[in-house]
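Colleague: I am new to this structure and would like to learn how its features are read, one at a time. Could we look at it together?

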Amino acid sequence: MKFNLKETHALMEITARPDLVFVAGHGSWLQDGDGKSYLDFVQGWAVNCLGHSPQVVQKALAEQAQQLVNPSPAFFNLPSMKLAQMLVEHSVFDRVFFCNTGAEANEGAIKLARKWGRKNRSGAHEIITFVNGFHGRTLATMAASGKAGWDQLFSPKVPGFPKAIYNDLESVEALIGPQTVAVMLEPIQGEAGVIPATPAFLQGLRRLTQEHGILLIMDEVQTGMGRCGTLFYHEQAGIEPDIMSLAKGIGAGVPLAALLAKKEVCCFEHGDQGGTYNGNPLMTAVGVAVLEQLLTPGFLECVRERAIQLSNGLQVLAQHHGLPGERGVGLLRALMLSDASGGSIVKKARELHPEGLLLNSPRENLLRFMPALNVSAAEIDKMLEMLDGLLSHR
Ligand SMILES: *Cc1c(COP(=O)(O)O)cnc(C)c1O
């Protein structure tokens, strides 16, 4: 160990971290301070969509850093104009507001919906969200989330987020009343264990919200930007939300997020929304480079091919080891375990020698896979082989 654990004591304790420090990363591989390599199927929680330190991001950062870092969000800058234009051209939305994190994008979506409700639905402000949903860690997005145990945290809670049951349209309809302004959901519940909304549920939500004249907000922070094999996941259900949030993949590792909306919904007045770093050219230049990569002909086809390979490989492992199976869409997948061994498999995978494997277990009874979108076929095979060994020695 080339670092002194005491040096970590100045960091505020917020989670249990293993005794290792990562010093470098390239593509699907990370290196720790002892020179050990790890095959990374977490990628910063589905953040590094192009792997670690991709050249296009290095180049965008270096070139933009020499040109202009931050003129202030009160002035226009070229990279943010270009990225907004590209996002509008390749989505069903008309306007984009850039920010720094997924939570901030969702917070913006909540504010926009409440403002719209004030103007158009005589002050309606309730946003129906879902049990086991996850929308971030600000006070409002924690209230919007339906994570077990969070309802008691940091009280008093931000009011106005009644909870429906995921994939249960009747439970949503039962909550709609005069105070309802929107329904907000992840099209795949990630933290809950990679649970996709059925296309019928998403289509039903679109119909229901239209019938009641309320908004549909899609949190595509994890599912957007090619993760599910299309640029945005809602495309696969053939529906158009009114508002969408993006983060994670859009910055390929740097802090960048976006709130997108149809123009009819855009009702912010001057002073309602902003932020010192929002839409700064350094981060939005990265966003342009990332989106250009995802839009390269063949890129998303390749994601879909790798997804089939990963899905098939996980099914074989499930059969071989007598596990319940796998699920997910694109390169956001989960392998269900027959017991609560998720945490211990994650630890054993990390400690493998000579090369470690980084996995994630958002629930004890499953493993989640979020590799780089440009992961190679050989890297998927290698991960499956390492996992096969781990499952044999449970
Ligand atoms: C990660 C995540 C968030 C929060 O994003 P941050 O950038 O961590 O604030 C919100 N919603 C979903 C669906 C996420 O996966």
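This is a predicted model: local features need pLDDT of at least 70, side-chain atom pairs count only at pLDDT 80 or more; totals for chains, interfaces and linings use all residues.

Colleague: In what sense, parallel or antiparallel, do strand β5 and strand β7 pair?

Modeller: As a general idea, the strands of a sheet pair through backbone hydrogen bonds, and the pairing is either parallel or antiparallel. Here strand β5 (residues 126-130) and strand β7 (residues 180-185) are joined in the parallel sense, over three bridges. Both belong to an open sheet of seven strands, whose order is β4-β12-β11-β10-β7-β5-β6 and whose pairing is mixed. Because β4 and β6 (163-164) stand at the edges with a single partner strand each, one side of each is left without a neighbour in the sheet.

Colleague: Which strands of the sheet does α4 touch?

Modeller: α4 packs on the sheet with contacts to β4, β5, β7, β10 (215-219), β11 and β12, and its direction makes about 25 degrees with that of β12. Another helix, α3, lies across β4, β11 (243-246) and β12, and runs at about 130 degrees to β4.

Colleague: What is the order of the open sheet of three strands?

Modeller: That order is β13-β14-β16, with antiparallel pairing. The edge strands are β13 (325-329) and β16 (366-369), each of which pairs on one side only. Ignoring direction, neighbouring strands of this sheet are turned by 20 degrees against each other on average. Between β13 and strand β14 (residues 332-336), which run antiparallel, there are five bridges, and V329 stands opposite L332 in β14. Helix α9 (residues 299-320) packs on this sheet, where it touches β13, β14 and β16, and its direction makes about 5 degrees with that of β14.

Colleague: Into which domains is the protein divided?

Modeller: There are domain 1 (5-54 + 298-392) and domain 2 (55-294). Their centres, taken over C-alpha atoms, are separated by 26 Å, and the contact takes 27 residues from domain 1 and 31 residues from domain 2.

Colleague: Which residues lie nearest the centre of the second largest pocket?

Modeller: They are P73, F76, V96, F97 and F98, out of 31 residues that line the second largest pocket, and the volume of this pocket is about 940 Å³. Two or more lining residues come from each of α3 (78-89), β4 (95-99) and β12 (257-261), and α3 gives the largest share, five residues. By class, the lining of the second largest pocket has 17 nonpolar, ten polar and four charged residues.

Colleague: How many cavities of 30 Å³ or more does the structure hold?

Modeller: A cavity is a space where the probe fits but cannot get out, whereas a pocket is open. The structure holds two cavities of 30 Å³ or more. The largest cavity has a volume of about 70 Å³, and its lining residues include L139, M142, W150, D151 and F154. That lining divides into eight nonpolar, no polar and two charged residues.

Colleague: Why does the second largest cavity lie between domain 1 and domain 2?

Modeller: Domain 1 and domain 2 both give residues to the lining of the second largest cavity, so this cavity lies between them. Its volume is about 40 Å³, and among its lining residues are A46, C49, V221, R227 and L373. By class, the lining of the second largest cavity has five nonpolar, three polar and one charged.

Methods
Residues are numbered from 1 along each chain as its sequence is written. Side-chain values use heavy atoms; hydrogens and water are left out. On a 1 Å grid over the protein atoms alone, a cavity is a set of points where a 1.4 Å probe fits but cannot get out, and a pocket is an open set with protein on both sides within 12 Å along at least five of seven lines; lining residues have an atom within 4 Å of a point. Grid points are joined across faces, edges and corners, and a volume is the space filled by probe spheres set on the points. Helices (H or I, at least four residues) and strands (E, at least two) are DSSP runs, numbered from the N terminus. Ala, Val, Leu, Ile, Met, Phe, Trp, Tyr, Cys and Pro count as nonpolar, Asp, Glu, Lys and Arg as charged, and the others, Gly among them, as polar. Two strands pair if DSSP finds at least two bridges between them. Axes are lines fitted to C-alpha atoms, for helices over the stretch in contact, and angles run from 0 to 180 degrees between N-to-C directions. Contact means heavy atoms within 4.5 Å. Domain bounds come from an automatic or database domain assignment.
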